[in-house]
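Below is a short note for a colleague on the structure shown here.

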Amino acid sequence: MTSRTVTLLDVARAAGVSKSTVSDALQGSGRVAEATRDRVRAVAEELGYRPNSAARRLRRASTGAVGLHLPATATRLDYYMNLAFGAVERAQEDGLDLVLLAPSGASGGRIASRVDGLLVIDPEAGDSAVPGLLDAGVPVVTGERYLGPAAAPSGAVVCDNAASLTALLDHVAERGARRPAVLAPSGSSAWATALRATARSWGLAHGVEVALRTVPFAATPAEAEETTRALLTADPAVDAVICAPDGSAPGVLRAAAALGREVGDSEKAGGSGKSGSGLLVAACVDGPATRNAEPPVTAVDLRPAAYGRACAELLCDILADRAAPDTVRRHAWSLETRASTGPA
């Protein structure tokens, strides 16, 4: 059989259950035992069954809500809170409420019965909840691409993270840095993966060894301070530190102050080709921690509220048939230069 000829009745006969049980199992509705649901889904996949999405939308009453799944560490990061506010605002413009899902989440089937669609932001390949969300039976839009093995989302909104880190590295090099370091996030999100790969490739392209250190995805200022102090103590020639995790840049500044490194002095940061007392500092995520630091820190403004709006808008457009499935949209960022990398 081909996917065009396989029907619910075919799946029901092969699984030894009724047609209504197959429908409930695949949509995550009704009172279907978990073992039966798993067996039906396995049979449907083996036969190559593909639901008629138009018919399913007609049969399925709208819940008037969409779900939002954020990384487990998101609740203490300013970036994700602003993103969530932007998504809420845009969803309400289409008359939809936004439900924040618990990090562990329910099974995809149970979630599908409560929402019309899902937003999954910065999905980690190692997040056990993500495959179930992508296979929940409702449209799913991811903020950044998902690099793990699971069903493809209905759409995605992506930033050029390689370009943003390249812009930061180019900027500190232009300001005199000859031995830059990057505190890159751990984990298997598209953002973290792109930053680690870009730090290496930029160094190779410029004939410069970038000191790459891995820190937690949501590293605290204290964690960034500890890593930076160890880095600068072991390698005093480092004359620029680019810190990736949101809100952690003040830790880099504290480490520099403790070691007597003058932040923002490009004349002392390696312009002569030798290590000096100066240190340039920049961040991959802008926010209150970078804007209000002393000195203010050069950073990439990812415009999180606008990014949340863009993700919600794509999901709304897919739900309303204003956008085709598999749509990928780009989100723009900007580089905000401040005193931490020298005079403007």
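1. Two strands count as paired if DSSP finds at least two bridges between them. In this predicted model, strand 5 (residues 155-158) and strand 12 run parallel and are joined by 4 bridges. Within this pair, Gly155 stands opposite Thr327 of strand 12.

2. The open sheet holds 6 strands in the order 2-1-3-4-5-12, with parallel pairing. Strand 2 (97-100) and strand 12 (327-330) each have a single partner strand, so one side of each lacks a neighbour in the sheet. From one strand to the next the twist averages 20°.

3. Helix 5 (residues 78-93) lies across strand 1 (65-69), strand 2 and strand 3 (117-121), at about 160° to strand 3. Helix 13 (residues 304-319) also packs on the sheet, where it touches strand 1, strand 3, strand 4 (140-143), strand 5 and strand 12. The direction of helix 13 makes about 160° with that of strand 5.

4. Gly207 follows helix 9 and has a positive phi, near 65°.

5. With a cut-off of 2.5 Å between cysteine sulfur atoms, the count is 0 disulfides. For Cys159, the nearest cysteine sulfur is that of Cys311, 8.5 Å away; Cys159 is buried, at 9% relative accessible area. For Cys284, the nearest is that of Cys243, 7.6 Å away; Cys284 is buried too, at 5%.

Note on methods. Residues numbered from 1 in each chain as written. Predicted model: local features only at pLDDT ≥ 70, side-chain atom pairs only at ≥ 80, totals over all residues. Heavy atoms only, no water. Buried < 20%, exposed > 50% of the residue type's maximum accessible area, 1.4 Å probe, protein only. Helix = DSSP H or I, 4+ residues; strand = E, 2+ residues; numbered from the N terminus. Axes fitted to C-alpha atoms, helices over the stretch in contact; angles between N-to-C directions. Contact = heavy atoms within 4.5 Å.
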